[in-house]
Amino acid sequence: MNGNGNTPLRPRDRRRARRRRGLTAGATGLAVTLGLGLASLARGHAEAAPDPAPARTAAAAAAAAPSAVAASAVTEPQGPEQSDFSSAFRYSLTHPTAVPAGANDWSCRPDAAHPNPVVLVHGTFENRYANWAALAPRLKRAGYCVYALNYGAPDAAVLKATGDIVTSAGQLASFVDRVRAASGAARVDLVGHSQGGTMPRWYVDRLGGAAKVDKLVALTPPNHGTTFSGMGLMARAIPGADALLGVSCASCEQQVVGSDFLKDLNSDDRVSPDVDYTVITTVHDQVVTPFTSSYLGPAVNISNRTMQTYCLTNTSDHIDISYDPVAARLVLNALNPAESARPGC
(Lines give C-alpha, C1' and ligand atoms only; values in the text may rest on other atoms or scores of the structure.)
Protein backbone atom coordinates (compact mmCIF):
# COMPACT_ATOMS: atom_id res chain seq x y z
CA MET A 1 0.00 0.00 0.00
CA ASN A 2 1.19 3.53 -0.64
CA GLY A 3 0.75 6.52 1.66
CA ASN A 4 -2.70 7.21 0.25
CA GLY A 5 -3.98 3.72 1.02
CA ASN A 6 -3.96 2.71 -2.65
CA THR A 7 -2.31 -0.35 -4.15
CA PRO A 8 0.85 0.74 -6.00
CA LEU A 9 0.73 0.38 -9.78
CA ARG A 10 3.02 -2.16 -11.34
CA PRO A 11 5.71 -0.70 -13.66
CA ARG A 12 3.84 -1.93 -16.74
CA ASP A 13 0.61 -0.30 -15.54
CA ARG A 14 2.43 2.95 -14.80
CA ARG A 15 3.79 2.98 -18.34
CA ARG A 16 0.30 2.38 -19.73
CA ALA A 17 -1.13 5.18 -17.59
CA ARG A 18 1.55 7.60 -18.77
CA ARG A 19 0.94 6.58 -22.38
CA ARG A 20 -2.80 7.11 -22.04
CA ARG A 21 -2.29 10.55 -20.47
CA GLY A 22 0.04 11.49 -23.30
CA LEU A 23 -2.34 10.34 -26.01
CA THR A 24 -5.26 12.12 -24.35
CA ALA A 25 -3.28 15.34 -24.16
CA GLY A 26 -2.31 15.00 -27.80
CA ALA A 27 -5.84 14.36 -29.01
CA THR A 28 -7.28 17.12 -26.84
CA GLY A 29 -4.79 19.62 -28.21
CA LEU A 30 -5.30 18.65 -31.85
CA ALA A 31 -7.52 21.57 -32.74
CA VAL A 32 -5.30 24.03 -30.93
CA THR A 33 -2.24 22.58 -32.63
CA LEU A 34 -3.77 23.01 -36.07
CA GLY A 35 -4.74 26.57 -35.30
CA LEU A 36 -1.35 27.45 -33.90
CA GLY A 37 0.24 25.82 -36.91
CA LEU A 38 -1.47 28.32 -39.15
CA ALA A 39 -0.83 31.17 -36.78
CA SER A 40 2.87 30.33 -36.75
CA LEU A 41 3.02 31.28 -40.41
CA ALA A 42 2.82 34.86 -39.21
CA ARG A 43 5.90 34.49 -36.98
CA GLY A 44 9.53 34.88 -37.93
CA HIS A 45 9.19 38.43 -39.23
CA ALA A 46 10.82 41.14 -37.14
CA GLU A 47 8.39 43.70 -38.42
CA ALA A 48 5.10 43.42 -40.24
CA ALA A 49 4.93 44.23 -43.90
CA PRO A 50 3.46 47.68 -44.54
CA ASP A 51 -0.19 47.78 -45.47
CA PRO A 52 -0.92 48.39 -49.14
CA ALA A 53 -2.92 51.35 -50.30
CA PRO A 54 -6.20 51.79 -48.41
CA ALA A 55 -8.52 48.95 -49.29
CA ARG A 56 -11.34 49.64 -51.69
CA THR A 57 -14.82 49.04 -50.32
CA ALA A 58 -17.90 47.86 -52.14
CA ALA A 59 -19.96 50.87 -51.05
CA ALA A 60 -20.35 52.25 -54.57
CA ALA A 61 -21.40 48.88 -55.94
CA ALA A 62 -23.80 48.38 -53.08
CA ALA A 63 -25.84 51.40 -54.13
CA ALA A 64 -27.29 49.35 -56.96
CA ALA A 65 -27.90 46.24 -54.83
CA PRO A 66 -30.82 45.38 -52.55
CA SER A 67 -30.74 47.33 -49.30
CA ALA A 68 -30.01 44.31 -47.10
CA VAL A 69 -27.02 43.42 -49.25
CA ALA A 70 -25.87 47.03 -49.43
CA ALA A 71 -25.76 47.35 -45.67
CA SER A 72 -23.35 44.44 -45.36
CA ALA A 73 -21.27 45.32 -48.41
CA VAL A 74 -20.29 48.72 -47.02
CA THR A 75 -18.43 47.07 -44.14
CA GLU A 76 -16.38 44.74 -46.35
CA PRO A 77 -13.00 46.22 -47.28
CA GLN A 78 -11.16 44.45 -50.06
CA GLY A 79 -7.64 43.25 -49.47
CA PRO A 80 -4.86 43.01 -52.07
CA GLU A 81 -4.29 40.06 -54.36
CA GLN A 82 -1.76 37.56 -52.96
CA SER A 83 0.30 34.77 -54.50
CA ASP A 84 0.67 32.48 -51.47
CA PHE A 85 -1.22 31.42 -48.38
CA SER A 86 1.36 32.65 -45.86
CA SER A 87 1.18 36.25 -47.10
CA ALA A 88 -2.60 36.19 -47.24
CA PHE A 89 -2.88 34.70 -43.76
CA ARG A 90 -0.54 37.31 -42.28
CA TYR A 91 -2.65 40.06 -43.82
CA SER A 92 -5.84 38.54 -42.41
CA LEU A 93 -4.42 38.61 -38.88
CA THR A 94 -4.96 42.37 -38.81
CA HIS A 95 -7.82 42.45 -41.36
CA PRO A 96 -10.15 39.62 -40.24
CA THR A 97 -13.13 40.92 -42.21
CA ALA A 98 -11.24 41.55 -45.46
CA VAL A 99 -12.72 40.36 -48.73
CA PRO A 100 -10.36 38.91 -51.35
CA ALA A 101 -9.84 41.13 -54.38
CA GLY A 102 -12.55 40.66 -56.97
CA ALA A 103 -15.11 39.24 -54.55
CA ASN A 104 -18.42 40.57 -53.23
CA ASP A 105 -19.17 43.08 -55.94
CA TRP A 106 -22.90 43.13 -55.27
CA SER A 107 -23.60 45.03 -58.49
CA CYS A 108 -22.16 42.23 -60.65
CA ARG A 109 -24.55 40.62 -63.11
CA PRO A 110 -23.67 37.23 -64.64
CA ASP A 111 -23.32 37.08 -68.43
CA ALA A 112 -24.33 34.33 -70.81
CA ALA A 113 -20.84 32.82 -70.82
CA HIS A 114 -20.71 32.67 -67.01
CA PRO A 115 -24.32 32.41 -65.87
CA ASN A 116 -23.66 31.15 -62.34
CA PRO A 117 -22.08 33.31 -59.63
CA VAL A 118 -19.22 31.54 -57.84
CA VAL A 119 -19.36 31.36 -54.05
CA LEU A 120 -16.03 30.61 -52.33
CA VAL A 121 -16.19 28.64 -49.06
CA HIS A 122 -13.06 28.64 -46.88
CA GLY A 123 -11.77 25.83 -44.66
CA THR A 124 -11.22 25.21 -40.96
CA PHE A 125 -8.92 27.66 -39.14
CA GLU A 126 -8.96 29.83 -42.26
CA ASN A 127 -11.04 32.77 -43.47
CA ARG A 128 -12.28 33.99 -46.83
CA TYR A 129 -9.32 36.28 -47.44
CA ALA A 130 -6.57 33.87 -46.36
CA ASN A 131 -8.06 31.11 -48.51
CA TRP A 132 -9.01 32.98 -51.67
CA ALA A 133 -6.72 36.00 -52.16
CA ALA A 134 -5.40 34.46 -55.38
CA LEU A 135 -8.31 32.47 -56.81
CA ALA A 136 -11.00 35.14 -56.31
CA PRO A 137 -9.32 37.74 -58.55
CA ARG A 138 -8.44 35.05 -61.09
CA LEU A 139 -12.08 34.00 -61.33
CA LYS A 140 -13.14 37.63 -61.57
CA ARG A 141 -10.76 38.20 -64.48
CA ALA A 142 -12.17 35.07 -66.13
CA GLY A 143 -15.58 36.76 -66.20
CA TYR A 144 -17.33 35.36 -63.12
CA CYS A 145 -19.30 37.18 -60.45
CA VAL A 146 -17.42 36.06 -57.33
CA TYR A 147 -18.53 36.04 -53.70
CA ALA A 148 -16.89 34.85 -50.49
CA LEU A 149 -18.27 34.47 -46.98
CA ASN A 150 -16.85 34.00 -43.50
CA TYR A 151 -18.61 31.44 -41.32
CA GLY A 152 -18.33 29.29 -38.23
CA ALA A 153 -16.91 31.92 -35.84
CA PRO A 154 -17.54 35.48 -34.59
CA ASP A 155 -16.89 38.27 -37.09
CA ALA A 156 -13.74 39.49 -35.34
CA ALA A 157 -12.16 36.03 -35.11
CA VAL A 158 -9.25 35.41 -37.47
CA LEU A 159 -9.49 31.62 -37.37
CA LYS A 160 -12.96 30.67 -38.55
CA ALA A 161 -14.98 27.56 -39.44
CA THR A 162 -14.47 26.05 -35.98
CA GLY A 163 -18.18 25.93 -35.09
CA ASP A 164 -20.74 23.19 -35.62
CA ILE A 165 -20.81 22.23 -39.32
CA VAL A 166 -24.60 21.95 -39.50
CA THR A 167 -24.91 25.50 -38.18
CA SER A 168 -22.30 26.66 -40.69
CA ALA A 169 -24.28 25.04 -43.50
CA GLY A 170 -27.21 27.24 -42.49
CA GLN A 171 -24.95 30.30 -42.77
CA LEU A 172 -23.94 29.20 -46.26
CA ALA A 173 -27.61 28.77 -47.19
CA SER A 174 -28.37 32.34 -46.14
CA PHE A 175 -25.37 33.69 -48.04
CA VAL A 176 -26.30 31.84 -51.23
CA ASP A 177 -29.79 33.30 -51.04
CA ARG A 178 -28.28 36.80 -50.75
CA VAL A 179 -26.08 36.16 -53.79
CA ARG A 180 -29.01 34.89 -55.82
CA ALA A 181 -31.15 37.87 -54.83
CA ALA A 182 -28.42 40.39 -55.72
CA SER A 183 -27.31 38.76 -58.97
CA GLY A 184 -30.65 37.53 -60.26
CA ALA A 185 -29.15 34.08 -60.86
CA ALA A 186 -31.22 30.97 -60.23
CA ARG A 187 -28.19 28.84 -59.29
CA VAL A 188 -24.67 29.33 -58.04
CA ASP A 189 -21.47 27.31 -58.25
CA LEU A 190 -19.62 26.57 -55.02
CA VAL A 191 -15.83 26.28 -54.71
CA GLY A 192 -14.66 25.15 -51.29
CA HIS A 193 -11.46 24.19 -49.52
CA SER A 194 -11.21 21.44 -46.89
CA GLN A 195 -14.28 21.77 -44.62
CA GLY A 196 -15.52 24.26 -47.21
CA GLY A 197 -15.76 21.39 -49.68
CA THR A 198 -17.60 19.03 -47.34
CA MET A 199 -19.91 21.36 -45.40
CA PRO A 200 -21.73 22.42 -48.61
CA ARG A 201 -22.80 18.81 -49.11
CA TRP A 202 -24.96 19.14 -45.99
CA TYR A 203 -26.44 22.33 -47.42
CA VAL A 204 -27.12 20.63 -50.76
CA ASP A 205 -28.53 17.40 -49.31
CA ARG A 206 -30.38 18.61 -46.22
CA LEU A 207 -31.14 22.34 -46.55
CA GLY A 208 -32.56 22.62 -50.07
CA GLY A 209 -29.31 23.58 -51.75
CA ALA A 210 -29.75 21.06 -54.56
CA ALA A 211 -32.24 23.43 -56.21
CA LYS A 212 -29.84 26.38 -55.93
CA VAL A 213 -26.42 24.88 -56.69
CA ASP A 214 -25.23 23.77 -60.12
CA LYS A 215 -21.64 22.70 -59.35
CA LEU A 216 -19.64 21.95 -56.21
CA VAL A 217 -15.87 22.04 -56.69
CA ALA A 218 -14.04 20.84 -53.58
CA LEU A 219 -10.32 21.18 -52.87
CA THR A 220 -9.04 18.51 -50.43
CA PRO A 221 -12.38 17.95 -48.64
CA PRO A 222 -12.59 15.43 -45.77
CA ASN A 223 -15.64 13.77 -47.31
CA HIS A 224 -15.04 10.50 -45.51
CA GLY A 225 -13.13 11.90 -42.58
CA THR A 226 -9.48 12.27 -41.74
CA THR A 227 -7.20 10.44 -39.36
CA PHE A 228 -5.18 13.67 -38.94
CA SER A 229 -2.10 11.52 -39.57
CA GLY A 230 -3.20 9.15 -36.82
CA MET A 231 -4.17 11.77 -34.23
CA GLY A 232 -7.84 11.44 -35.06
CA LEU A 233 -7.74 7.70 -34.51
CA MET A 234 -6.11 8.31 -31.14
CA ALA A 235 -8.99 10.59 -30.21
CA ARG A 236 -11.45 7.86 -31.17
CA ALA A 237 -9.63 5.28 -29.05
CA ILE A 238 -9.35 7.31 -25.83
CA PRO A 239 -12.46 7.70 -23.64
CA GLY A 240 -13.50 11.33 -23.41
CA ALA A 241 -11.01 12.63 -25.98
CA ASP A 242 -13.70 13.22 -28.62
CA ALA A 243 -15.68 15.40 -26.25
CA LEU A 244 -12.63 17.44 -25.31
CA LEU A 245 -11.71 17.92 -28.95
CA GLY A 246 -15.25 19.06 -29.71
CA VAL A 247 -15.05 21.70 -27.00
CA SER A 248 -11.89 23.13 -28.56
CA CYS A 249 -13.20 22.97 -32.13
CA ALA A 250 -16.60 21.43 -32.85
CA SER A 251 -15.97 21.14 -36.59
CA CYS A 252 -12.61 19.42 -35.99
CA GLU A 253 -14.24 16.56 -34.13
CA GLN A 254 -16.91 16.34 -36.83
CA GLN A 255 -14.25 15.89 -39.52
CA VAL A 256 -12.42 13.03 -37.82
CA VAL A 257 -13.06 9.66 -39.43
CA GLY A 258 -16.02 7.89 -37.82
CA SER A 259 -17.71 11.03 -36.46
CA ASP A 260 -21.48 11.09 -36.04
CA PHE A 261 -21.66 13.99 -38.49
CA LEU A 262 -19.87 12.08 -41.25
CA LYS A 263 -21.87 8.93 -40.60
CA ASP A 264 -25.04 10.96 -41.07
CA LEU A 265 -23.76 12.85 -44.11
CA ASN A 266 -22.66 9.67 -45.87
CA SER A 267 -25.45 7.42 -44.57
CA ASP A 268 -27.27 7.03 -47.88
CA ASP A 269 -24.01 6.83 -49.88
CA ARG A 270 -25.29 9.13 -52.58
CA VAL A 271 -25.01 12.67 -53.88
CA SER A 272 -27.64 14.91 -55.40
CA PRO A 273 -28.25 14.04 -59.08
CA ASP A 274 -28.91 17.72 -59.79
CA VAL A 275 -25.41 18.89 -58.84
CA ASP A 276 -22.08 18.22 -60.56
CA TYR A 277 -19.28 17.40 -58.10
CA THR A 278 -15.55 17.78 -58.69
CA VAL A 279 -13.02 16.79 -56.03
CA ILE A 280 -9.42 18.00 -56.39
CA THR A 281 -6.75 16.43 -54.18
CA THR A 282 -3.00 16.26 -53.71
CA VAL A 283 -1.01 13.20 -52.70
CA HIS A 284 0.93 15.48 -50.33
CA ASP A 285 -2.10 16.30 -48.19
CA GLN A 286 -1.00 16.18 -44.55
CA VAL A 287 -4.32 17.19 -43.00
CA VAL A 288 -6.87 15.02 -44.80
CA THR A 289 -5.25 11.62 -44.41
CA PRO A 290 -5.33 9.43 -46.33
CA PHE A 291 -5.82 11.88 -49.21
CA THR A 292 -8.12 9.39 -50.96
CA SER A 293 -10.74 9.97 -48.25
CA SER A 294 -11.58 13.15 -50.16
CA TYR A 295 -12.95 11.19 -53.09
CA LEU A 296 -16.64 10.81 -53.85
CA GLY A 297 -18.41 8.37 -56.09
CA PRO A 298 -18.57 6.59 -58.29
CA ALA A 299 -21.38 8.41 -60.09
CA VAL A 300 -21.91 10.00 -63.48
CA ASN A 301 -21.95 13.49 -61.95
CA ILE A 302 -18.74 13.05 -59.92
CA SER A 303 -15.16 13.71 -61.05
CA ASN A 304 -12.20 12.97 -58.78
CA ARG A 305 -8.95 14.73 -59.73
CA THR A 306 -5.46 14.44 -58.26
CA MET A 307 -3.02 17.20 -59.14
CA GLN A 308 -0.04 14.85 -59.54
CA THR A 309 -1.88 13.15 -62.41
CA TYR A 310 -1.32 16.35 -64.37
CA CYS A 311 2.00 17.38 -62.85
CA LEU A 312 3.95 14.56 -61.23
CA THR A 313 6.43 16.95 -59.61
CA ASN A 314 3.76 19.12 -57.98
CA THR A 315 4.42 19.34 -54.22
CA SER A 316 1.50 21.46 -53.03
CA ASP A 317 -0.07 20.27 -49.79
CA HIS A 318 -3.40 20.81 -48.03
CA ILE A 319 -2.79 24.49 -47.27
CA ASP A 320 -1.08 25.44 -50.55
CA ILE A 321 -3.66 23.97 -52.88
CA SER A 322 -5.93 27.02 -53.11
CA TYR A 323 -2.88 28.98 -54.39
CA ASP A 324 -1.64 26.33 -56.78
CA PRO A 325 -1.91 27.09 -60.53
CA VAL A 326 -2.64 23.45 -61.38
CA ALA A 327 -5.54 23.41 -58.93
CA ALA A 328 -6.76 26.78 -60.24
CA ARG A 329 -6.82 25.42 -63.78
CA LEU A 330 -8.77 22.36 -62.62
CA VAL A 331 -11.27 24.63 -60.86
CA LEU A 332 -11.77 26.65 -64.04
CA ASN A 333 -12.19 23.43 -66.04
CA ALA A 334 -14.84 22.20 -63.62
CA LEU A 335 -16.75 25.48 -63.72
CA ASN A 336 -16.72 25.67 -67.51
CA PRO A 337 -15.91 22.33 -69.17
CA ALA A 338 -16.47 23.85 -72.63
CA GLU A 339 -13.33 25.96 -72.19
CA SER A 340 -11.21 23.42 -70.30
CA ALA A 341 -7.47 23.12 -70.80
CA ARG A 342 -4.96 20.61 -69.49
CA PRO A 343 -2.96 22.05 -66.59
CA GLY A 344 0.78 22.39 -67.03
CA CYS A 345 3.51 22.10 -64.44
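Cys345 sits out in the open: its relative accessibility is 74%, so it counts as exposed, the cut-off being over 50%. Keep in mind that this is a predicted model. Cys345 has a disulfide partner, Cys311, with an S to S distance of 2.1 Å. The torsion about that S-S bond is about 125°, so the link is right-handed. The pair links distant parts of the chain, with Cys311 in the loop between helix 14 (307-310) and helix 15 (325-335) and Cys345 in the segment after helix 15, 34 residues apart. Cys311 is buried, at a relative accessible area of 4%.

How many disulfides does the structure hold? There are 3. One of them joins Cys108 to Cys145, S to S 2.0 Å, and it is left-handed, with -80° about the S-S bond. Cys108 lies in the loop between helix 5 (85-94) and strand 1 (118-121), while Cys145 lies in the loop between helix 7 (135-141) and strand 2 (146-149), so this bond ties together parts that are 37 residues apart in sequence. Cys108 is buried at 12% relative accessibility, and Cys145 is buried at 1%.

Then there's Cys249 with Cys252, their sulfur atoms 2.2 Å apart. This link is right-handed, with 75° about the S-S bond. Cys249 is buried at 0% relative accessibility and Cys252 is buried at 1%. Number the bonded cysteines in sequence order and the pairing reads 1-2, 3-4, 5-6.

Now over to helix 9 (residues 195-206). Helix 9 is mostly covered, with 10 of its 12 residues buried, among them Trp202 and Tyr203. Just after helix 9, Gly208 takes a positive phi of about 80°.

Definitions and conventions: Residues numbered from 1 in each chain as written. Predicted model: local features only at pLDDT ≥ 70, side-chain atom pairs only at ≥ 80, totals over all residues. Heavy atoms only, no water. Buried < 20%, exposed > 50% of the residue type's maximum accessible area, 1.4 Å probe, protein only. Helix = DSSP H or I, 4+ residues; strand = E, 2+ residues; numbered from the N terminus. Disulfide = S-S within 2.5 Å.
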